[in-house]
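I am keeping these entries as a record of what I looked up.

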Amino acid sequence: MKIIFLCLMMTLVFSHIQPDIRSGKVKSKGVNLGGWLVVEHWMTSSSVIWEGVPEYYHGYGEYGLMSYLGHNVGDERFEKHRSQWITEQDIAELASYGINTVRVSIGFWIAGFDKTGGSDWKVFAPNGLKYLDQLIKNWAVKHNVAVLVQIHAAKGSQNGLDHSAPPVPGQSYWALYPENVRNTVDLAVFLAERYKQEIAFLGVGLLNEPSGTTDEATLKQYYLTAISEIRATGNDCILTVAPLLYEQDPDHFNDFALKETHVWQEWHKYLIWGYEDMNEDQILNIGIPGVQHQLDIWKGNPIFIGEWSIATTDNAPFASEESFKSFGNKYRDTITSAKGGWTYWTWKTSYDETQDISQRNAWSLRQLLRNGWFAI
């Protein structure tokens with residue numbers, strides 16, 4: 001039995017998709033596991049964690065939510081949410097559609113420590129790490145899916161938005177205090193070291209959508225420090241670096257970290273913000289070609305589209321099934337030209353099961369695939 005088990009494990013090691021993605025032989029075609037280990041009300045509103053919570057806290061993020069609930073109530077609720085929001089069945093299902101990568105959002109509190117001496121991590125519900133372990137060490141191995149762990153919420157908040165769990169709503173303090181930046185370096189090193197030997201582990205997204213008071217100089221130095229300390233351990237995992245949110249274009253970061261190996265430039269490309277006034281024809285003939293042009297002229301490290309969707313504004317509803325499918329296929333083909341590949345935002349939302357089927361939920365890749373409205 002021992003020999004059979006070892007042979008099985010060797011087969012898994014040599015056949016898993018992750019090394020081919022890391023080497024560039026295969027592109028990521030993936031999805032985000034949003035709302036799981038970092039919660040956002042708009043997509044998890046049906047979860048037990050929000051029961052009886054005043055509306056004020058809906059846009060506050062996980063820090064505000066746990067500050068309101070407290071550990072006596074919040075810990076049990078988060079345990080239930082984490083155990084149900086994403087399960088092995090989800091990983092099996094998404095893999096069945098040809099998805100080969102998941103990008104999973106985490107917050108600084110998942111490590112359960114702060115070497116700089118802070119205590120903010122203690123506000124959050126504990127034990128999220130066991131779910132990340134389960135994903136990387138078990139489910140993703142079994143179902144042949146690579147895992148990119150994304151630092152979505154850094155200590156102090158890198159953008160002030162709810163998905164970064166700001167201690168003060170709308171305020172970003174990450175770059176203002178060196179101990180916050182140092183904590184994020186420690187977190188990145190911790191994650192890379194913890195999963196270094198795991199076959200399904202693709203790498204670490206070093207920071208999600210930095211903006212607000214985050215400045216480019218601090219951001220670049222953080223990336224270089226994190227890359228250096230991770231590489232010093234002999235770890236060659238993928239590391240993604242994102243420019244400031246409003247500078248995700250060919251004019252920024254195009255000469256950054258070019259001598260580093262396995263570093264991807266991460267962009268998020270939605271056809272919503274900045275496209276509010278475009279109608280369907282303009283989205284098809286100006287919006288999508290504009291994204292394609294940016295990808296075509298990019299000269300830096302491989303581009304990875306960490307977030308995108310086929311959600312649009314009311315000015316460009318693509319209401320008929322035929323136009324919706326055609327638009328989705330066209331934008332998918334454009335996004336797929338990114339050398340590092342992509343991960344769609346997101347796998348599921350709370351209103352997947354309750355929304356009228358005629359109202360296509362473009363934020364839920366699960367719903368799109370189940371109903372044949374989109375193909376990988």
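Entry 1, core. I looked up the largest nonpolar core and got 101 residues, with Leu-132, Leu-206 and Tyr-222 having the most contacts inside it. A nonpolar core here is a set of buried Ala, Val, Leu, Ile, Met, Phe, Trp, Tyr and Cys residues joined through side-chain atoms within 4.5 Å. Buried means under 20% relative accessible area, exposed over 50%, and partly exposed in between, with a 1.4 Å probe and protein chains only. Helix 6 (residues 129-142) gives the largest share of this core, eight residues. Helices (H or I, at least four residues) and strands (E, at least two) are DSSP runs numbered from the N terminus. Apart from this core I noted another one, of nine residues, including Val-39, Trp-50, Val-53 and Phe-78.

I then listed the contacts of Leu-206, where contact means heavy atoms within 4.5 Å. With neighbours within four places in sequence left aside, the partners of Leu-206 include Ile-151, Thr-184, Tyr-222, Ile-230 and Val-241.

The model is predicted, so I kept the cut-offs in view: local features need pLDDT of at least 70, side-chain atom pairs count only at pLDDT 80 or more, and totals for chains, interfaces and linings use all residues. Residues are numbered from 1 along each chain as its sequence is written, and side-chain values use heavy atoms, with hydrogens and water left out.

I found eleven helices and eight strands in the protein. The radius of gyration is 20 Å, close to the 21 Å that the globule rule gives for 376 residues, so the protein is as compact as a globular protein of that length. The radius is taken over C-alpha atoms, and the rule is 2.2 Å times the number of residues to the power 0.38. Along the principal axes, the C-alpha atoms fill a box of roughly 55 × 55 × 50 Å. Of the 376 residues, 56% count as buried. Among contacts with a separation of 6 or more, 75% come from residues 24 or more positions apart.

Where is Pro-166? I placed Pro-166 in the loop between strand 3 (146-153) and helix 7 (178-194). Pro-166 counts as buried because its relative accessibility is 1%. Its C-alpha atom is separated by 7.3 Å from that of Tyr-60, 106 residues apart along the chain. Beyond four places in sequence, Pro-166 is in contact with Tyr-60, Tyr-63, Ser-157, Gly-160, Leu-161 and Gln-171. Ser-157 is found in the loop between strand 3 and helix 7, and at 0% relative accessibility Ser-157 counts as buried.

Most residues other than glycine have a negative phi, and most peptide bonds are trans. Ser-157, not a glycine, has a positive phi of about 75 degrees. Asn-127 has a positive phi near 75 degrees and is found in the loop between strand 2 (101-107) and helix 6. Asn-127 is partly exposed, with a relative accessible area of 48%. I also found a cis peptide bond joining Trp-345 and Thr-346, with omega about 5 degrees. Thr-346 is in the loop between strand 8 (341-344) and helix 11 (365-370).

Is Thr-334 buried or exposed? I read a relative accessible area of 6%, so Thr-334 is buried. Thr-334 is found in helix 10 (residues 321-336). Outside four places in sequence, Thr-334 is in contact with Ile-288, Val-291, Gln-292 and Leu-295.
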